[in-house]
Each structure stands twice: as structure tokens, then as C-alpha cells.
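Here is my note on this model, in numbered points. Please keep the structure open as you read.

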Amino acid sequence: MSLPHFYLENQVIASEGTEAFPLRLSPDDAKHARALRLAPGEHVAVVDAAQDYFECEVVSFADAVPLVRVACRLDADGLRPSVMLVQGLAKGDKMETVVRHATELGVAAFVPLACERSVVKLDERKAAARTERWLAVARSAAMQSGQPAVPEVCPPVRLDEACALLSGATAVLVCWEEAPGTAHLDEALGAALADLLMPPEDARVAVVVGPEGGLAPAEVEALLACNPRASLVTLGPTILRTETAGVVAPALVLHELRRMARGRCAL
């Protein structure tokens, strides 16, 4: 059974000077801890502000925050590939659906992209509120799925801003319904890693998914031009909804990177 996970924003456990110390949880996390009815002797997983990973034992929980001691330091699985999802802004709760499920898969960062065909248009105030909400969804999903870190959630960006972010990626995989059937994701990913002589566990891959209306041809052209290892890829013969593609595409990339890493270990 996996341990409940908590993420500390302003506390470094290595700096605590006593064996037992309070966990300085955010108000939402403290509420979650109370809902779990943590009792003395139970264990929780904690990622602190230094991104160190610990298993802690609850000593007491009589006040608003739990008092804990370190049971052991956990291994955060060493080097892991990082996948960033650049998701075209979608209407309703579709963005929340994508953030929630992609976080459960292990996506490291989300970049909402304002596209020509995006139905939803956000002003600065609405964009800030939505970003805060998406971060809360990511945090909750990370806690539920036991991720070693909460994904980064960027405010919505324009196409030129997204292209600047993607310029240094190991690979940029642009999912487009008009991509040829031969534009296989695994081949594009393998070619990018081979070009850099990079092991898969070091990869920093960006996956781009369009909004409900898809990416416009000019947007595809700009995304392919922003990085020498940018490629069109297909997700299969059917056209997926944006909220489906936003989960399927990073899942395929993470699966392929892990498969490639296992292949290297077997050599």
C-alpha cells in the first residue's frame, strides 16, 4: 500500500534540529491530513522544499499539524526522463481532466497554449485564476498517485513563448491529426536521442497537443521550426478528443522512454 504524500513548500527537513518536528503543511494539505485521521505510528511520504524525499512516522496529531520524525530517506528513483505537455487551451473542465490524469502518469510540467483555434480565451485575471486551479488539481493528483514531485504548471502562453520554451528540449513531438501515418512517435523519439547520443533517462521531451479545433498549419510550422529535433507524430488512425490526446500522448512517450531505458540496462 502506498503512503500518503505531502509536499512542503517552505520547509527543509534536513534543517530541523530536533528528532520530532511539526510538518508545516499548506492549509489544504493540513485539511487533507486531518481527513486521513493520521494516528501515531502511521507513516507518510514527504517531499520537502529541497526536493528531498523522506518517509516520516507520525508522533502525534493533537494540534493543527502533525508532529513527525524521520523514519528513513527514500530514493526518488534516481534519474528519470522528464515529459512536458504543451496542451492547447480547451473549454470547460477539459484542462483539469488533462492535468489530473497526466499528473498521475508522471508528467513533469504543463504549458497551456493559447492557439488560433482555441475556443476559450482568457484575459490576465482569468488566466491567473485558472492557473492556480490547475496547480491545485496537479497537487491533488500528485498526492493521490504518489508522485515524487508536484508538476510545474505554467500560466497560458502564446505560440512564440511556447516556441522559446521548447528550443532546448531533447525532442519536440507535435501531435497533429494531419500527420502522415508513417510519423511514428517511437521513431521520432529514438532519432532525437540518437542525434544527441543521450540516454533515455536524461531526456527532456515536450509533447504538443492542439485544442478542440486542432493546431493550425502555421502553428505546426512554427513548432517544427523551433527545435532541430521537432517532429510531427501521429497517435493512430482515429481522431482523438483534445482531452484524450493530452493523456494518451504523454503516456506513450513515458512508456517508450522507460522501454528504451530497460533495453539499455539489459545490454
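**Notes on the model**

1. On the other side of α6, Ala218, Glu221 and Ala225 are exposed. Exposed means over 50% relative accessible area, buried means under 20%, and partly exposed lies in between, with a 1.4 Å probe and protein chains only. Helices (H or I, at least four residues) and strands (E, at least two) are DSSP runs, numbered from the N terminus. This is a predicted model, in which local features need pLDDT of at least 70, side-chain atom pairs count only at pLDDT 80 or more, and totals for chains, interfaces and linings use all residues. Residues are numbered from 1 along each chain as its sequence is written, and side-chain values use heavy atoms, with hydrogens and water left out.

2. Which residues of helix α6 are buried? In this helix, residues 217–225, they are Glu219, Val220 and Leu223. They sit on the same side of α6, because they cover an arc of only 100° around the axis. The arc is that of the directions from the helix axis to the C-beta atoms. An α-helix has 3.6 residues a turn, so residues three or four places apart point the same way. The cover over the buried residues of α6 includes α4 (159–166), β9 (171–175), β10 (204–209) and β11 (230–233).

3. Alanine 179 sits in the loop between β9 and α5 (185–196). With 10% relative accessibility, alanine 179 is buried. Leaving out residues up to four places away in sequence, alanine 179 touches Leu232, Val233 and Thr234. Contact here means heavy atoms within 4.5 Å. Alanine 179 and serine 231 are 52 residues apart along the chain, and their C-alpha atoms are separated by 9.7 Å.

4. Now glycine 17, in the loop between β1 (5–7) and β2 (20–22). Its relative accessible area is 76%, so glycine 17 is exposed.

5. Cysteine 56 is buried, at 0% relative accessible area. For cysteine 163, the closest cysteine sulfur is in cysteine 226, at 4.5 Å, again too far for a bond. Cysteine 163 is buried too, at 14%.

6. Check two backbone angles. Most residues other than glycine have a negative phi. Arginine 37 is not a glycine, yet has a positive phi of about 55°. Arginine 37 lies in the loop between α1 (27–36) and β3 (43–47), and is exposed at 72%. Glutamine 51, also not a glycine, has a positive phi of about 65°. Glutamine 51 is in the loop between β3 and β4 (53–60), and is exposed at 52% relative accessibility.

7. Last, the largest cavity. Its lining includes Leu85, Met95, Phe110 and Trp134. On a 1 Å grid over the protein atoms alone, a cavity is a set of points where a 1.4 Å probe fits but cannot get out, and lining residues have an atom within 4 Å of a point. β7 gives the most to this lining, with 3 residues.

Conventions:
On a 1 Å grid over the protein atoms alone, a cavity is a set of points where a 1.4 Å probe fits but cannot get out, and a pocket is an open set with protein on both sides within 12 Å along at least five of seven lines; lining residues have an atom within 4 Å of a point. A disulfide is a pair of cysteine sulfur atoms within 2.5 Å.
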